[in-house]
Amino acid sequence: MTDAHVTVPTPPGPTPTGPAPSGSLPADPAGGPVLTDPAGADPGAPPPPAGPGYPQHWEADVVLADGGVAHVRPATPDDAEQIRAMHGRMSARSLYLRYFSAVKQVSAAQVSVFVDVDHDTAIGLVVELGGELIAAGTAHRNTGHGDPDAAEVAFLVEDSQQGRGLGSILLEHLAVAAQERGIRRFTAEVLGENTQMVRVFIDAGYTVHREYDSGVIDLVFDIAPTEKSRAVVLSREHRAEARSIRRLVSPRSIAVIGASGDPSKIGHAVLANLLRGDFAGPVYPVNPDARSVLGVRAYPTVTDIPDPVDVAVVTVPTATVAEVVESCRVKGVHGLVMMTGGFSDAGLDGAQAQRRMAAVVRGAGMRLLGPNGLGMINTDPEVRVNASLAPVVPPAGSIGFFCQSGALGVAILADAAARSMGLSTFVSAGNRADVSGNDLLQYWHGDDRTEVVLLYLESFGNPRKFARLARVLARTKPVIAVKSGRHSQIVPGLVATSSALSDDVVATLFEQAGVIRTPGLTTAFDVAQLLSTQPVPRGDRIGIIGNSSARGVLAVDFCLEAGLAVAADSPIDLGVQVGADELAAAVREMAHRDDIDALVVGWVPPVATEGHAHAAALREALRDAPVPAVSTFLAVDGLTQHLSVHDERGNPTRGSVPSYRTLERAVGALSYAVRYGAWLGRPAGTLPELAGLDRKAATARVRRLIESMRTPDDPARPLVDAELVALLGCYGIRIEDFRAIGSAADAVAAAHEIGFPVVLKSFDESLRHRLDQTGIRLGLQNEAQVRHAYEDLFDVAGPWQYVQKSVSPERTGVPTVFRITADPSFGALVSFGLGGVATELLEDRAYRTVPLTDRDAADLIAAPGAAPLLSGYRGAKVVPHAPLIDLALRLSALADDVPELIELQLQPVLAGPDGIAITGARGTVGPPSEFDDWRRRMR
């Protein structure tokens with residue numbers, strides 16, 4: 001048996017007579033250790049009031065219900081005049097609903113409610129747009145005889161901004177801020193006739209208690225997020241972000257700022273592409289030195305354009321970008337497509353300039369695509385926009401394509417066009433100062449024209465959000481991703497723009513979300529070409545048919561190497577001279593067999609045969625086929641004319657038969673589609689209700705630990721024994737009974753208290769995990785053996801040691817390891833592996849993202865390469881998976897509820913026929929990632 005430990009600080013003395021370390025804290029009546037700070041305070045009590053100061057981490061850019069953007073921040077006394085001005089822009093009716101009486105002129109006392117805030121007893125938030133305050137909200141804690149855990153919440157939204165979801169956003173952000181300050185409930189008084197404000201509270205997903213008296217409704221509700229409130233937030237986020245991107249990619253008018261008649265200029269290329277593509281709306285060239293560009297009237301600045309401008313394409317030099325952005329703000333432009341480079345792609349100074357620009361753009365309510373991007377394309381016949389530098393555009397189709405790289409974009413689009421691979425939308429985000437792949441996922445989820453999503457990613461902005469969005473989207477539309485930069489940390493020029501996530505983590509992210517990850521763009525195009533035209537395979541049984549026995553045998557090899565099953569009597573060789581009708585009949589018969597899930601058709605044309613008749617016959621034979629098919633017709637890549645089904649505009653559409661240059665690529669594309677079909681066919685899983693969880697106590701304990709740290713910037717610190725045992729206990733996770741001791745007498749006393757047999761362990765983790773077991777002494781049955789073991793271990797490890805209850809043989813079959821790890825941007829992962837030097841050297845661990853469903857947890861336990869050791873491999877005892885799955889789910893719940901938990905390791909978790917035993921743990925807490933709360937905010 002291999003034992004581990006529970007981490008404690010370095011013992012305070014070198015002799016066994018010194019004070020006991022934290023592991024020996026007294027137990028409370030319930031049997032767990034009492035967690036106290038030096039003053040003896042109870043960690044379960046409400047946290048102490050925070051000191052005054054400006055909580056900058058409450059600032060956030062938010063997407064409004066109509067797709068616009070605004071900025072939320074804490075209120076300050078300097079906002080008084082702006083608050084007063086906002087009152088002046090409001091109608092008498094709105095002020096009456098807010099103050100329950102007519103207000104002719106706002107008083108100093110009414111203004112002070114919003115600005116005299118300490119962000120503890122009184123929390124205030126304001127919303128800025130275009131340099132003006134457009135909404136404000138407050139939460140004032142009950143400091144008298146009322147409920148000390150409650151605060152009264154109120155809002156004020158300018159008339160012209162009502163209906164944009166500002167009340168809901170303020171409620172979400174106030175709730176997060178209030179919980180941080182120990183407030184648990186909100187109360188509100190609302191006039192019964194103010195139905196709009198009542199709906200804000202009711203529709204937020206909270207359980208609201210209402211009382212009606214004399215025309216006033218009193219509302220009370222807990223503000224801790226619930227499953228329903230989280231669902232409401234996610235639904236609102238989805239609709240708002242989708243509308244925001246729809247406004248960007250479907251503009252009604254476009255200005256090209258920097259338009260030029262010089263063919264060598266970017267401004268010339270993008271204007272020419274817009275005109276050549278027959279954009280459905282007006283195009284306004286902006287050039288102060290020209291009356292017209294490419295025959296279209298030009299304007300000196302965007303503000304000189306007499307009509308509204310939805311989107312501005314910016315191609316001016318870097319030095320003049322700030323001036324252009326300000327002009328677009330004044331004009332009221334909705335979105336910017338920034339092709340200009342020289343920002344984060346040009347070093348630290350450029351990155352700072354990019355952040356400033358993004359802040360100005362968002363502060364003006366605009367969205368920003370880029371900078372340093374290729375632009376965007378929308379093939380919708382109602383839009384027809386090619387606001388990009390790509391002279392060759394693929395036909396209209398059903399693939400939505402997001403690409404970070406501007407430099408690769410032109411070549412990528414040319415390749416797609418050569419394959420006749422139809423796109424619905426193409427977006428190149430460049431440096432991603434604002435718009436990212438996550439925004440496009442939100443848009444494509446509800447876009448009827450997009451059936452397949454293709455992503456070329458160099459880095460993640462918010463990978464945790466990506467996982468959540470992709471997991472939902474992949475259930476209805478295939479998501480294919482190429483993640484470059486797997487070795488970027490050794491390429492100096494790519495380090496700054498690459499994700500810090502390991503490739504194993506990225507693979508986990510994609511696998512769990514159902515994303516089809518391919519090694520490169522060629523394979524991604526192969527898979528997209530298949531899934532945009534053919535149904536998803538329902539299984540892995542492949543039928544092979546053609547007119548060459550040699551190619552048929554080769555196809556069998558490729559199928560078996562890809563993990564696919566070859567159907568009985570495959571391959572079928574129809575002979576080199578097979579006619580078109582005979583080919584069609586054979587293919588039709590095979591496609592309708594019950595034992596076949598997909599077809600590979602390899603046809604080699606005889607000499608002097610064009611194959612058009614055979615192609616048309618094959619297309620018609622597969623028109624109503626229930627299974628997908630791939631071909632190597634004439635060794636052509638893409639959708640050939642005679643294998644394609646065309647829409648009313650002559651573009652290839654669903655039902656077309658994709659062709660590949662080689663059988664290997666055809667089978668490879670099919671194998672990815674088969675794995676995706678298997679993911680779709682598996683139950684999505686549920687988040688099960690776990691018994692014995694005390695989430696409230698856990699969050700209170702950890703909150704107290706974090707607040708005891710000197711500043712929010714303090715580095716993470718290890719949990720001591722009592723803290724860790726108490727935290728795990730809140731989630732029904734129990735470590736085998738142990739004591740920290742400092743002398744032989746203490747060891748004997750602890751052994752009697754715990755009960756023989758026991759083990760002794762070193763405090764030093766490196767000693768405990770040696771192959772020669774230098775740091776542990778096992779199977780101690782009596783006092784004499786304990787004393788002897790203590791003295792023996794003393795010479796190696798010193799006086800401070802652990803005594804722990806020995807684990808019964810029925811629970812010691814296989815040592816395993818569980819870990820929780822948190823990435824600053826990604827969030828939490830739960831990993832699982834089997835103990836042992838070989839698996840550690842080979843990094844044989846499986847990962848899943850939090851939260852885990854019951855299906856995820858089962859997959860996690862079965863995923864490591866050494867997992868057969870749990871199932872009786874070579875006569876070993878069979879270990880039930882249920883206790884391990886339960887532990888994985890509890891760890892997932894802990895990681896999801898407590899984002900301050902930076903790292904946790906349980907090692908070893910001994911798994912035997914009668915259950916599991918956790919004999920060691922260590923953990924670290926620290927300030928959580930900014931992405932860990934549930935409020936809506938932009939990256």
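This is a predicted model: local features need pLDDT of at least 70, side-chain atom pairs count only at pLDDT 80 or more; totals for chains, interfaces and linings use all residues.
Strand β38 takes part in two pairings. With strand β40 (residues 921-925), β38 pairs in the antiparallel sense over five bridges, and within this pairing Leu901 has Val925 of β40 as its bridge partner. With strand β39 (residues 915-918), β38 also runs antiparallel, the two being joined by four bridges, and here Leu910 finds its bridge partner in Ala917 of β39. The strands β38 and β39 form a hairpin, with two residues lying between them.

## The crossing of helices α15 and α19

Elsewhere in the model, helix α15 (residues 521-531) and helix α19 (residues 663-681) have axes that come within 9 Å of one another and cross at roughly 65 degrees. Because angles of 65 to 115 degrees count as roughly perpendicular, α15 is described as roughly perpendicular to α19. The crossing of these two helices is right-handed.

On the α15 side, the contact is made by Thr522, Thr523, Asp526, Val527, Leu530 and Leu531, while α19 contributes Arg665, Ala669, Leu670, Tyr672, Ala673 and Tyr676. Sorted by class, the residues in this contact between α15 and α19 comprise eight nonpolar, two polar and two charged.

Conventions:
Residues are numbered from 1 along each chain as its sequence is written. Side-chain values use heavy atoms; hydrogens and water are left out. Axes are lines fitted to C-alpha atoms, for helices over the stretch in contact, and angles run from 0 to 180 degrees between N-to-C directions. Angles under 35 degrees count as roughly parallel, over 145 as roughly antiparallel, 65 to 115 as roughly perpendicular and the rest as oblique. A crossing is left-handed if the near helix is turned anticlockwise from the far one by less than a right angle, and right-handed if clockwise. Contact means heavy atoms within 4.5 Å. Ala, Val, Leu, Ile, Met, Phe, Trp, Tyr, Cys and Pro count as nonpolar, Asp, Glu, Lys and Arg as charged, and the others, Gly among them, as polar. Two strands pair if DSSP finds at least two bridges between them.
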